[in-house]
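Biologist: Let us go through this model together. I will ask what the labels rest on.

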Amino acid sequence: MCGMLIPLVKSQIHPYANLWNNFILNERFNCLKYKTNFYKQIFPSKEKKEFSFYKVFTSSLYEEEFEFYSPSKKTILSSIELKKLKETYSAIYDLNINQIEVI
């Protein structure tokens with residue numbers, strides 16, 4: 001409990017009164033969710049973002065705080081790099097190197 005209550009104390013002169021006032025203030029904010037008209041004015045709902053699954057990775061573990069974007073820089077691979085990439089994918093997916101097409 002001390003880990004939750006000590007950060008609420010901001011005054012060194014009147015710590016108990018300050019703790020009580022901050023506790024009451026937090027509880028009033030908690031009760032606002034039951035007054036929906038006030039709650040919606042103070043805390044407007046966030047619009048849900050929709051992304052294509054191949055462009056952005058989000059996870060429910062992060063509560064949509066983080067969005068991981070796939071690389072979007074266009075690059076041109078040299079023939080050697082392309083060959084190495086094809087060899088890698090053919091080894092990983094057990095494919096013939098001639099079956100792999102580059103789009």
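Modeller: First, a definition. Buried means under 20% relative accessible area, exposed means over 50%, and partly exposed is in between, with a 1.4 Å probe and protein chains only. By that rule, buried residues make up 8% of the 103 residues in the protein.

Biologist: What should I know about the source?

Modeller: This is a predicted model, where local features need pLDDT of at least 70, side-chain atom pairs count only at pLDDT 80 or more, and totals for chains, interfaces and linings use all residues. Residues are numbered from 1 along each chain as its sequence is written, and side-chain values use heavy atoms, with hydrogens and water left out.

Biologist: Why does Asn18 count as buried?

Modeller: Its relative accessibility is 18%. The cut-off is under 20%. Therefore Asn18 counts as buried.

Biologist: What does Asn18 touch, not counting residues up to four places away in sequence?

Modeller: Leu8, Val9, Lys10 and Ser11. Contact here means heavy atoms within 4.5 Å.

Biologist: Why is Tyr39 called partly exposed?

Modeller: Its relative accessible area is 32%. Partly exposed lies between the buried limit, under 20%, and the exposed limit, over 50%. So Tyr39 is partly exposed.

Biologist: Which secondary structure does the protein have?

Modeller: Four helices and two strands. Along the sequence the pattern reads α-α-α-β-β-α. Helices (H or I, at least four residues) and strands (E, at least two) are DSSP runs, numbered from the N terminus. Asn18 lies in helix H2. Leu19 is in H2 too, which spans residues 15–31. Tyr39 is in helix H3.

Biologist: What is in contact with Leu19, leaving aside its neighbours within four places in sequence?

Modeller: Leu5, Leu8 and Val9. Leu19 and Val9 are ten residues apart in sequence, and their C-alpha atoms are 5.0 Å apart.

Biologist: Which residues make the nonpolar surface patch?

Modeller: Leu25, Phe29, Phe38, Tyr39, Ile42 and Phe43, with about 550 Å². Patch residues have over 30% relative accessible area and no salt bridge; like charges are joined within 9 Å, nonpolar side chains (Val, Leu, Ile, Met, Phe, Trp, Tyr) within 5 Å. A salt bridge is a side-chain nitrogen of Lys or Arg within 4 Å of a carboxyl oxygen of Asp or Glu. Areas come from the Shrake-Rupley method with a 1.4 Å probe; for residues, only the protein chains shown count as cover.

Biologist: Which helix gives the largest share of the nonpolar patch?

Modeller: H3, with three residues. H2 and H3 (36–42) each supply at least two.
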